[in-house]
Amino acid sequence: MSAPKKVVLAYSGGLDTSIILKWLQTEYGCEVVTFTADLGQGEELEPARAKAEMLGVSKVYIEDLREEFVRDFVFPMFRANALYEGLYLLGTSIARPLISKRLVEIAAAEGADAVAHGATGKGNDQVRFELAAYALNPDIKVIAPWRLWDLTSRTRLLEFAEQNQIPVAKDKRGEAPFSVDANLLHTSSEGKVLENPAEEAPEYVLQRSVPVEQAPNEPEYVEVTFEKGDAVAINGEAMSPATILTKLNELGGKHGIGVLDLVENRFVGMKSRGIYETPGGTLLLEAHRGIEQITLDSGAGHLKDSIMPRYAELIYNGFWFSPEREMLQALIDKSQEHVSGTVRLKLYKGSARTVARWSDHSLYSEAHVTFEDDAGAYDQQDAAGFIQLNALRLKLLAARNRRLKG
C-alpha cells in the first residue's frame, strides 16, 4: 500500500490512539484528521479535542451519535432478540459499524485517502471496522497500526510516548488491571486480572451494575411501552431511543442486573473471557420478548427464533452492512408490525422478570384458554382429529418397525 496523504483516525483520546496518531504522522508524514464518537461511553470527550490539537492534527471531529446509535443500530438488533452464543447482547459488536460509517463519510468529506483504527491484531474489532469500511467504500485504504508497527510491548509504547511528548496518565505507567470498552448499550472488560477463566472476576471490575449482594432488598416495577418492536416510553413517559436506554441502564444497574461472565469464540479463532454489563439491554430484551408473547403469531415467532443465531453471528463477525444481514432484517422488521403494547417488569436482586403485558394488538384469547365455561369458543372434540392426523406418520413408522422386527 502506498503511503497515505491524509488519514481519518478513529480517536478516543487515550494513550493507544494518541500514540497511533503520532505514529501515522512520523511513519507516513501524512495529514491526520481525528474522529471521536460519543456513543454514550460516559466520558468527557472535550479533552480528546485538546489532546488531538496539541498533537498537530489538521481537523477534529467530535460527534454525539447516541440517538443514531440506539435508533438505527441497537433497536433493529433488539427487534431480533439477538444473542451471540445464546448469551452475549453484542454491545461492542453493534457499535463498530456506526463508527466505520462515519469514518468513511468524514474521509469523503475531507478528501482523505485512508482511515485508521486502534484495534489490535488479535481481536474481532479489526475485522468489524474493516469489513464495514470496505462495504461502504471498496476503494478506501485501512491502516491498522497494531499489525504494522514494532511497538510490540508496553515498554516500547511508553518509550514512544515519552519521545514524542505524548502525555501519559500516571495510572498507565503501571499494569492496568483490565481494559474497558464502553458505550450506551454496555461495558466490556477484558484482559489482565480477567484472563484466567478459572478465577472469579473481582467486584471492582463492575462499571455499571452494583454487585447483586448490594442491590436493594425491595423489588421495583417498571413498565416499557413498544410500538412496532421499538421501545417508546417508560412508565408512560415518551422518550427518545437514547434516553430510554439511559433510563433502563440506571434502573437495571441499580438492581445488579445484566452482568455476564462469558468465554466466547472470537471470529479470529481464539477464545476470550470478558465481563459484560448490559443492564438496560437486559431489561429491553426481557420486555421485548414479553410483548412478543401476546402479539406475535407462533409461526412468525418460531421462524424469528430459528434465524436469530445466524443474525447475531453476522453482527458479531462484522457483517452489519452485508446483504444477508439486511435480508434478515427485512424479515424481522416485517414480524414487528403488531409488536406494540406495554410490559411490566419486576426488578430484584439481579433479575428482570416479565410479570404482566397488555396490548390492543394482542392475540391472546382468554375465552379460548379458560378452565371455566368457554361458552362454545373452543370445541374440544376437534382435538381428537387433530391428534389422529398428526399421529398417522408415527403410527406408520411404528407399524413398519414392528413388522421388520417380527
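This is a predicted model: local features need pLDDT of at least 70, side-chain atom pairs count only at pLDDT 80 or more; totals for chains, interfaces and linings use all residues.

**The interface of domain 1 and domain 2**

Author: Across the interface of domain 1 and domain 2, five residue pairs are found in polar contact, both residues of each pair being at pLDDT 80 or more. On the side of domain 1 that touches domain 2, the residues divide into four nonpolar, five polar and two charged.

The two partners are defined by the domain assignment, which gives domain 1 as 6–65 + 93–172 and domain 2 as 179–296 + 338–358, with a domain 3 at 375–405. Domain 1 and domain 2 each bring 11 residues to their contact. The C-alpha centres of these two domains lie 29 Å apart.

The size of an interface is often expressed as the accessible area that is lost when the parts come together. Here domain 1 and domain 2 bury about 840 Å² between them, and 54% of this is on carbon and sulfur atoms. Of the area that domain 1 buries against domain 2, 43% is supplied by Gln41, Lys122 and Asn124, more than by any other three residues.

The count of salt bridges between domain 1 and domain 2 is one. A salt bridge is formed by the side chains of Arg96 and Asp181, at 3.0 Å from N to O. The whole structure, by comparison, holds 28 salt bridges.

The side chains of Lys6 and Glu31 meet at 3.7 Å, N to O. Lys6 belongs to strand β1 (residues 6–10) and Glu31 to strand β2 (residues 31–38), so this pair ties together parts that are 25 residues apart in sequence. Lys6 is buried, with a relative accessible area of 13%, whereas Glu31 is partly exposed at 36%.

Another salt bridge joins the side chains of Glu46 and Arg49, at 2.8 Å from N to O. These two residues are three apart in helix α2 (residues 46–54), which means that about one helical turn separates them. Glu46 is partly exposed, with a relative accessible area of 39%, and Arg49 is partly exposed with 26%.

A salt bridge of 3.1 Å, N to O, is made by the side chains of Glu220 and Lys254. Glu220 lies in strand β8 (residues 220–227) and Lys254 in helix α7 (residues 241–254), so the pair links parts that are 34 residues apart in sequence. Glu220 counts as partly exposed at 21% relative accessibility, and Lys254 is partly exposed at 42%.

Most residues other than glycine have a negative phi. Gln165, although not a glycine, has a positive phi of about 55°; this residue is found in the loop between α6 (154–163) and β6 (179–182) and is exposed, with a relative accessible area of 60%. Asn235 likewise is not a glycine and has a positive phi of about 50°. Asn235 lies in the loop between β9 (230–234) and β10 (237–238) and counts as partly exposed at 48% relative accessibility.

As for the whole, the protein has 12 helices and 14 strands. Its C-alpha atoms fill a box of roughly 85 × 55 × 45 Å along the principal axes. Of its 406 residues, 49% count as buried.

Terms used
Residues are numbered from 1 along each chain as its sequence is written. Side-chain values use heavy atoms; hydrogens and water are left out. Domain bounds come from an automatic or database domain assignment. Contact means heavy atoms within 4.5 Å. Buried area is the accessible area (1.4 Å probe) that two parts lose on being put together, summed over both. A salt bridge is a side-chain nitrogen of Lys or Arg within 4 Å of a carboxyl oxygen of Asp or Glu. A polar contact is a pair of N or O atoms within 3.5 Å; within protein, one must be able to donate a hydrogen and the other to accept it, and residues adjacent in sequence count only if both atoms are side-chain atoms. Ala, Val, Leu, Ile, Met, Phe, Trp, Tyr, Cys and Pro count as nonpolar, Asp, Glu, Lys and Arg as charged, and the others, Gly among them, as polar. Helices (H or I, at least four residues) and strands (E, at least two) are DSSP runs, numbered from the N terminus. Buried means under 20% relative accessible area, exposed over 50%, partly exposed in between (1.4 Å probe, protein chains only).
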